[in-house]
Amino acid sequence: TIASGLQRAVVAGISNSDENEEEDEGSEYKTSTLLSKIIRTTSRMWNAAINPSPILTKTSKPSSEESRSSTTEENSSEEAAASDERKVDFGTYLAKTYLKNNNASSSSTTPILGGSLSDALQTCRSKAHLLLVFLPSAKAKSNENISAIQSLLDYDMIEKALTYKQKQKESASTRSSCYSIWSAKSGSSEATKAMKRLQAVVPKNRKLPILLVAYPAQAMDKYTGNAKLQPRLLSQHHCNPPPTSSSLAKWLVALRKRHAKQISKMRIELKELQLYRERVLSYRESQVGDIQREVDTLREKEELKLKQEEEEQARIAKEERRQELLESLPAEPPNTGDANVITIALRFANGSRGQRRFPMTLETEEQTEILQMGVVFNWIEGEFGIERETLELAMMKAGDGRSFEYERDGSLELNGLGLGKMCGLRVMELKKEDDLVQEDDKENKNGTQETKE
């Protein structure tokens, strides 16, 4: 019906307007682009009106949820397509769009950057390259466009212009690149911005593309103090006629030699920037190392302080215990030859000696207390500072091989041991379990060696 035909025409016109890219008001291609848009939109609307589409002939109107979901799907698909287009080399796009017999793979063609001009300038500056800019003319299928693109994509020919030897001793595999190539779609907003920013001369003949070389100059922003890129036009090819691959290579080689100082300056700045980053990284690593050493020093001081405090507390506790043990000892009786008194003589491992008299029994008003062997151990710790739990007292009398330990024999009564009035004891330290294990290991090793011999 007429209503459905009008509906299809309106939808086709809207979709066509969405596909068109926005133009700047100052574009010199505005009139021709606007006329081509009107013709293209009218043609699409007429075709949609006379050719029913199965999607537009549906009688039921889509609900709001369906329309929102379809819009979301379209946006996501457009974003995915845009991301895929950014990943693909722009030279592939030029070859597929402008060249009919495109049999060249992306690896055999010249790599060309897409995206924005600002990103391309940043890339050039980071690599110390000059920027070769190519903008196709408005007439896509013009012979000038095709010829220029064929020359531009001839990688084998212009490789000599894109790369060169920094030193005579370098081989062909170590050639350094000095050009990056950037392009944009014809009539796009990015192409228009690039022409204004690079101050390119617009050819009078609309069939001629734009081919120029720019230097990514760098200047300091007086307001922010940060470095910003101010591209400067070095040379623009007239493209009338467009250059062949050989002439394009000669033109690029001549520009490279003419502006070798700018390339050398960028390379020096790039090397200095790399050295600066290495110095900053080394400085930060040294700072981290200094901080770590300070932390380790503080931790060691804290550990030493805690250890000293623990040792001081242990010393104080030991002194208090010795004092308590000395106070708990019975008074030393006089040397009167009383049968109830025993004299204990000590001999230590370092040769020192000690002697004291002890009463075997203590008589009080209430009861009679019999002294035990533990009193001797208490005297040794209180007087000489050796812990009683670590001592072993061995009889010095010939033929008497008895020995006494505090935990085992501390509760034995002195008058029941048959020590007599005078008793000599050798003071020795008990061996720890670790020492016993080490001695057993040594004996086992010695036994094994003797067996082998």
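This is a predicted model: local features need pLDDT of at least 70, side-chain atom pairs count only at pLDDT 80 or more; totals for chains, interfaces and linings use all residues.
Student: Where do I start with salt bridges here?

Tutor: Start with the definition. A salt bridge needs a side-chain nitrogen of Lys or Arg within 4 Å of a carboxyl oxygen of Asp or Glu. A search of the whole structure finds twelve of them.

Student: Which residue forms a salt bridge with E269, and how far apart are the closest N and O atoms?

Tutor: The partner is R125, and the closest N and O atoms are 2.2 Å apart. E269 sits in helix α10 and R125 in helix α5, so the bridge ties together parts that are 144 residues apart in sequence.

Student: Are E269 and R125 buried or exposed?

Tutor: Use the cut-offs: buried is under 20% relative accessible area, exposed is over 50%, and partly exposed is in between. E269 has 27% relative accessibility, so it is partly exposed. R125 has a relative accessible area of 12%, so R125 is buried.

Student: Which residues are linked in a network of salt bridges?

Tutor: R321, E381, R388 and E389. Take the contacts in turn. R321 and E381 meet through their side chains at 3.2 Å, N to O. This pair links distant parts of the chain, with R321 in helix α10 and E381 in helix α11 (residues 374-384), 60 residues apart. E381 also bridges to R388, where the closest N and O atoms are 3.9 Å apart.

Student: How does burial look across that network?

Tutor: R321 counts as partly exposed because its relative accessibility is 27%. E381 is at 1%, so it counts as buried. R388 is buried as well.

Student: Now the backbone. What should I expect of phi and of peptide bonds?

Tutor: Most residues other than glycine have a negative phi, and most peptide bonds are trans. Look for the exceptions.

Student: Where is the cis peptide bond?

Tutor: Between N240 and P241, with omega about 0 degrees. P241 is in the loop between β6 (227-237) and α9.

Student: What is the phi of A128, and what is that of Q199?

Tutor: A128 has a positive phi near 60 degrees, though it is a residue other than glycine. Q199 is not a glycine either, and its phi is positive at about 55 degrees.

Student: Where do A128 and Q199 lie?

Tutor: Both are in loops. A128 is between α5 (117-127) and β1 (130-135). Q199 is between α8 (189-198) and β5 (210-220).

Student: How do I check the length of helix α9?

Tutor: Compare its span with the one expected at 1.5 Å a residue. Helix α9 (residues 245-258) has 14 residues. From first C-alpha to last, α9 reaches 20 Å, close to the expected 20 Å.

Student: Which residues of α9 are buried?

Tutor: S245, L248, A249, W251, L252, V253, L255 and R256.

Student: Last, the surface. Which residues form the negative patch?

Tutor: In a patch, like charges are joined within 9 Å, and each residue has over 30% relative accessible area and no salt bridge. Here the patch is formed by E300, E302, E303, E309, E310 and E311. Take E300 as the example. E300 lies in helix α10 (residues 260-328). Its relative accessibility is 52%, so E300 counts as exposed.

Definitions and conventions: Residues are numbered from 1 along each chain as its sequence is written. Side-chain values use heavy atoms; hydrogens and water are left out. Patches are made of residues with over 30% relative accessible area and no salt bridge: like charges are joined within 9 Å, nonpolar side chains (Val, Leu, Ile, Met, Phe, Trp, Tyr) within 5 Å. Accessible areas come from the Shrake-Rupley method with a 1.4 Å probe; for residues, only the protein chains shown count as cover. Lys and Arg count as positive and Asp and Glu as negative; His and the chain ends are not counted. The place of a charge is taken as NZ of Lys, CZ of Arg, CG of Asp or CD of Glu. Helices (H or I, at least four residues) and strands (E, at least two) are DSSP runs, numbered from the N terminus. Buried means under 20% relative accessible area, exposed over 50%, partly exposed in between (1.4 Å probe, protein chains only). The expected span of a helix is 1.5 Å times one less than its number of residues.
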